[in-house]
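Please look over the model shown here. A short report on its packing follows.

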Amino acid sequence: TEQGARVSKSKGRIEVKQHKETLLSHRLIDVSQVCLFGNVQISTQTIRELFRRDIPVCWFSYGNWFSGIAHGMPSKNVVLRIGQYAQAERGSVEIASEIVAAKIWNSRKMLMRNSRERSEKVVGALLALSKKAVSTKSIESLLGIEGSAARLYFEQFSTMVASDGLPGQAFSFEGRNRRPPLDPVNCLLSLCYSMLAKDCTATLLGVGFDPYLGVFHKPRFGRPALALDLMEEFRPLIAESVVLTVLNNGEVGPKDFVVRSLGVSLTPSGRKSVIAAYERRLSQEITHPKFGYKVSYRRTLEVQARILGAVLKGDLERYEGLKTR
């Protein structure tokens with residue numbers, strides 16, 4: 001939504017207005033989340049109605065930083081949280097290894113499908129690291145494996161972008177950077193990661209988890225560690241896929257970025273294009289590799305969270321990360 005806008009409800013609909021002009025209007029029954037970017041106001045009546053319908057409200061800074069989330073009463077699934085805390089006491093390297101292995105596997109598949117100058121050496125190394133992650137017995141070793149895989153992957157990331165998708169020196173990409181992002185590609189990655197973290201946090205809260213107690217990422221004040229865990233295997237499949245789509249299809253270009261000495265940010269129109277592409281990706285259906293039925297990426301986030309919950313409660317023996325075919 002636009003900075004300075006106001007969100008309110010009217011006759012079963014949610015509306016976004018600015019200077020008395022209606023910018024958006026949707027039926028509440030069609031809304032799954034409300035995300036506010038920048039200094040947007042939302043009425044108390046709207047928040048109360050959203051909570052009644054179990055619809056979370058998410059706040060982002062104007063620079064796309066995921067600031068917080070509000071929802072109704074917490075989940076009644078206390079048994080799940082007891083299992084989560086007990087697992088934290090025992091250690092979770094088996095679950096963490098599956099998460100890291102799936103992330104590396106999916107990164108490798110992204111390169112195999114999209115790279116125009118694919119390095120077979122890198123593809124082979126990623127496969128070996130994915131297999132190595134499964135058998136790793138310590139979180140410290142997993143961190144090293146994940147870091148090595150990320151370095152190899154992002155060294156090849158620009159080979160997945162069409163040559164006309166990165167016009168000019170301003171679009172150069174030499175690896176991952178953030179806070180603030182220093183180039184347009186990292187600016188897009190940061191926004192998509194932020195939205196994915198938001199969706200994973202909302203999903204975990206809905207299932208009944210404490211999103212701050214992770215199995216791979218260590219607990220830290222203010223860090224939704226479990227949401228970061230859940231999003232790992234989806235980073236290539238959702239966030240990075242969206243970045244490649246908007247660049248290669250020309251949905252964003254040089255005019256959609258503001259380049260300053262401190263970093264790069266998106267214009268309002270550029271942000272809208274990225275959010276639209278992100279929502280399209282979440283709605284895309286895949287065949288779940290474990291269950292064999294078609295499911296949207298948005299629904300898959302919940303499926304994976306519920307598999308994790310079943311493991312923590314002792315209903316399943318092991319967690320299986322989502323690996324694309």
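This is a predicted model: local features need pLDDT of at least 70, side-chain atom pairs count only at pLDDT 80 or more; totals for chains, interfaces and linings use all residues.

Residues are numbered from 1 along each chain as its sequence is written, and side-chain values use heavy atoms, with hydrogens and water left out.

**Cores.** A nonpolar core is a set of buried Ala, Val, Leu, Ile, Met, Phe, Trp, Tyr and Cys residues joined through side-chain atoms within 4.5 Å. Buried means under 20% relative accessible area, with a 1.4 Å probe and protein chains only. The largest nonpolar core has 78 residues; F157, L188, L196, F209 and V274 touch the most other members. Helix 6 (residues 184–207) gives this core its largest share, 13 residues. Another core, of 10 residues, lies apart from it and includes V31, V34, I55 and V57.

**Contacts.** Contact means heavy atoms within 4.5 Å. The table leaves out residues up to four places away in sequence.

| Residue | Touches (cut-off 4.5 Å) |
|---|---|
| F209 | L80, R81, Q84, L204, L226, A305, L308, G309 and L312 |
| E146 | V100, K103, F216 and E232 |

**Helix 10.** Helices are DSSP runs (H or I, at least four residues), numbered from the N terminus. Helix 10 covers residues 297–312. Of its 16 residues, 12 are buried. Among them are A305, L308, G309 and L312. Just after helix 10, G314 takes a positive phi of about 90°.

**E146.** This residue lies in helix 5 (residues 139–155). E146 is buried, at 16% relative accessible area.

Key: Buried means under 20% relative accessible area, exposed over 50%, partly exposed in between (1.4 Å probe, protein chains only). Helices (H or I, at least four residues) and strands (E, at least two) are DSSP runs, numbered from the N terminus. The expected span of a helix is 1.5 Å times one less than its number of residues.
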